[in-house]
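I opened my notebook for a quick look at a few loop residues. Here is the structure I had on screen.

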Amino acid sequence: MVNKVQIDPATRRRGSPFFCVLSARQRLNRGTVRVLFVGDVFGKPGRRILDLRLRALILEHRIDFCVANVENAAGGFGLTPQIAEELLSKDIDLLTSGNHIWDKKAIIPYLSTQPRLLRPANYPVSAPGVGVFLDDTRCGVRVGVLNLQGRVYMPAIDCPFAAAKAAIEQIRKETPIIVVDFHGEATSEKQAFAWCFDGMVSAVVGTHTHVQTADERILPRGTAFITDLGMTGPYDSVIGSVTDLALERFLTQIPVRLEPASANPRFCGAVIEIDEQTGRANSILRLNMPAGG
Ligand SMILES: [Fe+2]
Ligand SMILES: [Fe+2]
């Protein structure tokens, strides 16, 4: 059974807390919308490099709308309401997530009250939260964001292709500007998804593996695609965790508790320019930057 698409009416109600927070921003780009999508923010090192880099990137690339995947923002496992509020109080307009969103129990009631935090839309309808954002950016252009999760080497949840088809039909009634965060392990599944929805969405960006791929491109019908944005966090690590602890796990097969690493933080993500009328992507620029320089 396909999840019924849930678009929380609170996200569209003028005067809601959502609109109070998302204050107006000057229109920067004529005829286009520029989206910055930040790859999986991992622990304190990831949050710190966001603090260092984000404002300058927003100014440099004339960003209208900024999204970050934050499923590992709290100590490498999950997200707390305090950290979500901290991130949303900066220049990030929307938070997406994935399989780790459930790790911290305090996030579960928060998910039902915060429309600017998504969880994958293809979880069962009984799961708290929503997987679709549909509203105006700070510069007044309506955008849709859809968060999905793959099923290859991942927990068994509803079909992301079917959930996407239903959600995209709904979103396209209001805007052609649609960005998808496909949170998945297998490169094949992410590529297949992008080809399936080429021309129906503006961009498909992969998250979850914490390893950036160098395959950013515009598909023939105008969808920008990258298999994985990479991690915004410590790169002298095993996908964010302390190397020795991860090694111990692999060498002994004993479930050692992992801790976030700290060395060599990098900022990873992509800037996508989208035509406002058609919803087609004009360009995708991959970002992979150290903390300084
Ligand atoms: Fe992650
Ligand atoms: Fe994940």
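This is a predicted model: local features need pLDDT of at least 70, side-chain atom pairs count only at pLDDT 80 or more; totals for chains, interfaces and linings use all residues.

**Loop notes**

I checked Ile239 and found it partly exposed, because 19 C-beta neighbours lie inside 10 Å. My scale: 20 or more other C-beta atoms within 10 Å of a residue's own is buried, 12 or fewer is exposed, in between is partly exposed, with C-beta atoms placed from the backbone.

Residues are numbered from 1 along each chain as its sequence is written, while chains are lettered from A and ligands numbered from 1 in the order in which they are written.

Back to Ile239: I placed it in the loop between β10 (233-234) and α7 (243-252). I take helices (H or I, at least four residues) and strands (E, at least two) as DSSP runs, numbered from the N terminus. Its phi is positive, about 40°, though Ile239 is not a glycine.

I then looked up His208, another non-glycine with a positive phi, here about 105°. I found His208 in the loop that links β7 (203-207) and β8 (217-218). His208 is buried, because I get 28 C-beta neighbours inside 10 Å.

Last stop was Leu258, in the loop between α7 and β11 (265-275). What does Leu258 contact, apart from neighbours within four places in sequence? I get Gly76, Ser241, Val242, Leu245 and Ala246, with contact meaning C-beta atoms, placed from the backbone, within 7 Å. Leu258 is partly exposed, since 19 other C-beta atoms sit within 10 Å. From Leu258 to Val238 I noted 10.0 Å, C-alpha to C-alpha, across 20 residues of sequence.

How values were computed: Two residues are in contact if their C-beta atoms, placed from the backbone, lie within 7 Å.
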